[in-house]
Each structure stands twice: as C-alpha cells, then as structure tokens.
Amino acid sequence: MPRAPRCRARRPCLAPPSAPAACPGLSAAVTLPRARGGAGMARRDAAALALILALLTVVLAGAGAGAQRAAVEDPDYYVQEVWNREPYYARPEPEPKPEPFSPPLPPGPGKEEREPRPPEPRPPKKAAKPKKAPKKLAPETPLPGCPPLGLETLKITDFQLHASTSKRYGLGAHRGRLNIQAGINENDFYDGAWCAGRNDLRQWIEVDARRLTRFTGVITQGRNSLWLSDWVTSYKVMVSNDSHTWVTVKNGSGDMIFEGNSEKEIPVLNELPVPMVARYIRINPQSWFDNGSICMRMEILGCPLPDPNNYYHRRNEMTTTDDLDFKHHSYKEMRQLMKVVNEMCPNITRIYNIGKSHQGLKLYAVEISDHPGEHEVGEPEFHYIAGAHGNEVLGRELMLLLMQFLCQEYLAGNERIVHLVEETRIHILPSLNPDGYEKAYEGGSELGGWSLGRWTHDGIDINNNFPDLNTLLWEAEDRQGIPRKVPNHYIAIPEWFLSENATVAVETRAVIAWMEKIPFVLGGNLQGGELVVAYPYDMVRSLWKTQERSPTPDDHVFRWLAYSYASTHRLMTDARRRVCHTEDFQKEDGTVNGASWHTVAGSLNDFSYLHTNCFELSIYVGCDKYPHESQLPEEWENNRESLIVFMEQVHRGIKGLVRDLHGKGIPNAVISVEGINHDIRTANDGDYWRLLNPGEYVVTAKAEGFTSSTKNCMVGYDMGATRCDFTLSKTNMARIREIMEKFRKQPISLPARRLKLRGRKRRQHW
C-alpha cells in the first residue's frame, strides 16, 4: 500500500483549527467523507472508510497521534501544539547543557523520519526563583550566542516595535532602543525611552523580527533623562510565532524572572537559559524603581534563521566582496595590523607615532604615499583622525579597514586608488584616545553605555580641548582690529594654553604639534552616535546662545565638502531613514553647521581652520557608537565610497608655488582671495593649496620684503586643482637692507632722519 503524505514529525504544521488545509497530509488523513445515500454509495463509503482507517494507522502512529486528532476536536489545540511538539520554541531540558532546537536534515534514501520523543515530566516547584545576577562579560569577550538584532543601529524599524500602552508619542515603543538619547526638551516627540501608560504587570514591549529567529539574550537600560529616574528592575521574556499565543521563558516549571537595571544608564545583559526560536519576542516588566515608572530601552540578541525563499530578506542583506579584517581590534591587534599592511605595501606605507597617551600608549599613524616619509612639493597633505572619543569605535575600525583597502587596491592596480596614492600624501590616525578605547573594549559592544571610554584617562574630552581662537578673532573684529592686531588666519595660541598647568590632554598637545609640523590641506575626524557631517564654526558667536548658525568665510566650500561625503554615503541623504536620536538632518542633506546643532568651544574643527591651513570637518559615521562585529561589513559598505570621495576633494581649488626672482620658494607667504576674509600661507618650500569651489577668483600673493602679485585664477568643475604660480620681487627697502647687512651697516630710516632734522631746526630757532 503506498504511503500517504504526512507532515514531518519535527516540523508539524501550526495552522489553527479553522485552517486545516495548511497541512495537506493531516487534512487528507483526518477529514472524513459524508454519506450521501444509496447502496453503491454506502459500499464506496465503506471502502473509503477502510482505506482512511488504514492511512490513519500509518500517519497517526506514535506519540503525536493524539495531538494531531486534537487539531480538529480541541479548540485549545494551538496552545497544546506549541507546548507538546515544540516546532518553533525550545523547552528547557533536564540535561545540564541543553541544545537549542534546530530543524533536522531531511532523511536519506531508504530511511524514515523518527517521531519525536514525548517530553519527560518535571517535578513541580513552588515558585520561580529570580535570576541571581545578570551576566558580566570578561574583558575582550564578544557578546555570547547571537549578535544584536539592530534596535540601536536602526536595522529594526519603528514598525517592528509595539507596546501595550505608552504615556505619549514621544515615549512610544519606537523610542525603546538601546542608548537612544532624549532631546533638550524631553516633553516632545524625542524622549529617552519607551514608557508604559500605566504601571501594572500587564505592560509589555514587543519586537517583530519578521522571520524565525533564534533569540539568545536581552540587554536593557532605563530612561535617558536629566530630571527623572525611571527603570525596570525585573521582567519576564515571552516569545510567539503569531503575536497571539505566547510562551514564557521558564526556569524549571515556573516563569523565569530576569533581573533588570539598578540605575538608568548602565546596560544589563541577561542571557536566556535556552535559545528560543520564534518570530516575536516580548518583554513584560514585573517590577520597577519605587519612585519611577515603567520605562526602558533595550536590545535583543538573536540569529535570524536562513530563509532562501524570502525575497524581502535576501534583498535587504548587505554583503561585501572586500577581503578585509572585519573585527574589533585591541591596541595590540591594531599595531599588528598596521605592521601587516606595512609589510604588504612597504613602498607606499610608513608607520610613525605623533606622541603618547596619558597611559603611555603610542599614538600610531600610517602614512600612505608613493614617497612615504617626505613632503613632495606640489602634493597636498590629507589626514583622517578617529577615536578622539574612545567609545566611538566604528570610526577607528573604518580607518583600519581603509588602510587595508588602499594597500590591496594599489597592489591590484586600481587606477583610481593608484592615482590617489601617487598624487596625495595620506595620513591615517585611527586611535587618538587609546586609553579610552581600552575601557570601552573591556565593556564590549552594546554593554559600555553611552559614555564609557569617551574621555581620556585624566577625564578630558579631546574634541573640545583645543584653544578657543574664535573669541580672539571675533573680539578683534568687533573692535575693528583686523588685520593689524589679530590676523584672519594663523591666529597664535594663547600663552596660558601652552603652560604646563593648563588643563590640556597630552593627546591634544600631540595633535597640535602634528598639525603645525605637516601642512595639511583637508582633514576629517570620524566620530559616532549620529549620521551627519558637521562643518565649522562649531561655536556660536552670540553670547548666551546654545544654538545658532555661525558660518565661516569659507562656508560655501565647507558645505560642498560636507555634501561630498554625505551624498555618497548609503544612508546619510536617504529621506526615508529614521533619525538616530532627536535631530533630523535631512533638510540640509545630511550636513549641518556645528554651531547650529550644539555649540562647542575649542573644537578641533575651529582650531584647525583658524590656526592652520587645514579645513577640518567632523564626520559622524553611525548611530551606534560601538556596533557589533557582525555589522562592520555593512558599515564599511556604507562609508567606503564616501571615505575615498572625501579624500579626492583635497585636489579641488587652486595650487601653486610662490617663488622669488631666483626661483627659490618663499615660505610663509600669504595667499588671499578677493571676497573671502580668510587667508592661507605657503609651506616651507613655497607651495600652497587653496580649496575653492568652481568659479573665477582674484588671488593675491604677498610676503614680507616682497612686492605683492595678483592674478585671476579659474577653478573648473573637473577634478584637479588649477595651477596658479606667483613670482615675487623684493621691495626697494628689502634690497637696501640686504646691501647694508652685507657691509655690516644698518639701513637708514628716512622718516626718522627727517624728524630728527626738524627737531634740530626747532631748537636752533628758540
């Protein structure tokens, strides 16, 4: 007799009783035909009945037969099926190390599938005991089990988050993301957590993974608020496949109570005793801070199960073809990786350090150029800096990936990369604050909170630890002291800042010395926690204001530089993407003037613009400061093109040499552009680079002891700076001084001599 089709033993159909056709084998085996009358019909029915009984003997043999019949008879079958057959949920087993459920491989030829063994009975317990303590990870240990689903990185959309109730929209389920930050005014659309509308045991927040997922853990935080103290101290975890029938994670025979937070900012990780495979996961608070409300932020750890038939997920999966080292590197591993890159490309790379951190760790940098170790006349200098905040790890790893990529592509003969390396001197400083990074690295991804490792070892924020030159410039402008007292560029550092007693990090002093030594033209400092490019000024000009647009004289150039990065990033200019925390930067296409966002005195961007020739921008590369290792390939794809395009902008504008009549370069010559109240200066060899947008400009070169020279310089739309050289002749006074110095005599000052003669005549007259 041929075998009737049936559902697999380990993967029974979970259709509700109202839909028997969802499991064809079961439907054919259980649904009986009705008699319609007549002897022939009765005989046929009797034969059919005998056949069906034989089929039932085969299909319903074993432990599962009773449960299958209950699918038609018992209205509570669906709940029983979840518990008895475990198609999507793994039950705790009595063994010490239970294995999570995974679908079995199809049987080989000639082999039948085994029926599942009935679950063994468990002795009942009086009450479920709460978990003793949340698990604390050892240093340099990755998250156990599975990576985060992506609540913090926004991979989980707002439509996938649901809650029982919420106090208001700004405290809805979509705000219940790990490390999300509240706005300045907390009673608005952007608050710092999900908060339930009522404080009772029936409240919950739920995540729809949109596919079967093996859940392994939950990370929770309290509400981000300056004024309120709200967090959940214990909770239950439930899973479901249809969001209607829920299974609570068990601890023996009772529901497991997970220990939550004891304050609002430090993340707490709880691992599930056994991985649970489902589509939905729900957090049900059981207790909360006495003087607060039910409020929480969270991240879910889970591994999506492969589903090759689901086009939606395959279309949204990000992969990369670059063979790079996608991992988080400790300080020792970073140094080793730099050495590997240097050994792969010894002709175009050089490793050096710009100083040491407070703890004595060297601040390593990698130079990439066709002639490493020397400044080539006419070749612009570019730099990337990352890790000023030690916990903003994504920028650091992007820099390590970038140096690997440039080396590999140069060796492969990529014309674009070869041209970039041969025409630019690139410097990459991946970790400006290694002391802070080591603290964040010990905490690990998702567990360091928003600020662990942000500051240096002595508690200084490097990002705003530079001298405030804006105030000196603006006060001089208000007194109309420009340019006689304070120049509009190369503003000197105040003496108090240079003293040993000043609150200045050693890392800050190292960067200042580095930027004074190398004539950088363009630079980007990579940060995290947002997705935007910020350009100077970063400090507001008006007193008592915290936000105000403060453009530089080169605002049009800075806006283009910022847009060049944002527009080539995969997400920054996407109008459909969700804001990271509170700010929507889409009105300026993923760019923002720093002061109009939040004022910062003594920023690297402002200092670089006012003290050196370098145009510096802050590039915020992701909402998640410390993404999980599994996210690095996608983040690399998001930023790779932008990183290259931004470097190429160093070749936009004009460049040239300022020389004397003998062809010798004139250092420290001033290059002025008509209509732009900001000058730059030539390097030691007399070469210069001036970033400008396309157009026609009147440019003047002047130097002490030389007559000035003015030219019209045209900047085109094609990539590549326009050559604009100047030859200056010495003034008559400079020539007289040279002659007098040659014969060891001082030049005569004619105006002083006239005054002296007038004084003699007056005395003779009296």
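Modeller: Let us start with leucine 228. This is a predicted model, and in it leucine 228 has a relative accessible area of 38%. Leucine 228 sits in the loop between β3 (205-221) and β4 (232-240). There, Leu226, Trp227 and Leu228 make a nonpolar surface patch of about 410 Å².

Now turn to a helix, α9. Helix α9 spans residues 434-443. Seven of its ten residues are buried, so α9 is largely enclosed by the rest of the structure. Which residues of α9 are buried? They are Pro434, Asp435, Gly436, Tyr437, Ala440, Tyr441 and Gly443. These buried residues pack against α6 (331-344), β12 (362-368), α7 (393-412) and α12 (506-517). Just after α9 comes glycine 444, with a positive phi of about 90°.

Two of those neighbours, β12 and α7, lead us to a sheet. This is an open sheet of eight strands with mixed pairing. Its order is β11-β12-β14-β13-β15-β18-β16-β17. The edge strands are β11 (349-356) and β17 (591-593), and each pairs on one side only. On average, neighbouring strands are turned by 25° against each other, direction ignored. Helix α7 packs on this sheet. It touches β12, β13 (381-386), β14 (425-429), β15 and β18. The direction of α7 makes about 140° with that of β13.

Look inside the sheet at one pair of strands. Strands β15 (residues 520-527) and β18 (residues 615-622) run parallel, joined by six bridges. Leucine 522 has phenylalanine 615 of β18 as its bridge partner.

Is asparagine 179 buried or exposed? Its relative accessibility is 4%, so asparagine 179 counts as buried.

Next is tyrosine 490, in the loop between α10 (470-478) and α11 (495-498). Tyrosine 490 also is not a glycine, and its phi is positive, near 50°. At 31% relative accessibility, tyrosine 490 counts as partly exposed.

The peptide bond from proline 536 to tyrosine 537 is cis, with omega near 5°.

Technical notes. Residues are numbered from 1 along each chain as its sequence is written. This is a predicted model: local features need pLDDT of at least 70, side-chain atom pairs count only at pLDDT 80 or more; totals for chains, interfaces and linings use all residues. Side-chain values use heavy atoms; hydrogens and water are left out. Buried means under 20% relative accessible area, exposed over 50%, partly exposed in between (1.4 Å probe, protein chains only). Helices (H or I, at least four residues) and strands (E, at least two) are DSSP runs, numbered from the N terminus. Contact means heavy atoms within 4.5 Å. Patches are made of residues with over 30% relative accessible area and no salt bridge: like charges are joined within 9 Å, nonpolar side chains (Val, Leu, Ile, Met, Phe, Trp, Tyr) within 5 Å. Accessible areas come from the Shrake-Rupley method with a 1.4 Å probe; for residues, only the protein chains shown count as cover. A salt bridge is a side-chain nitrogen of Lys or Arg within 4 Å of a carboxyl oxygen of Asp or Glu. Two strands pair if DSSP finds at least two bridges between them. Axes are lines fitted to C-alpha atoms, for helices over the stretch in contact, and angles run from 0 to 180 degrees between N-to-C directions.
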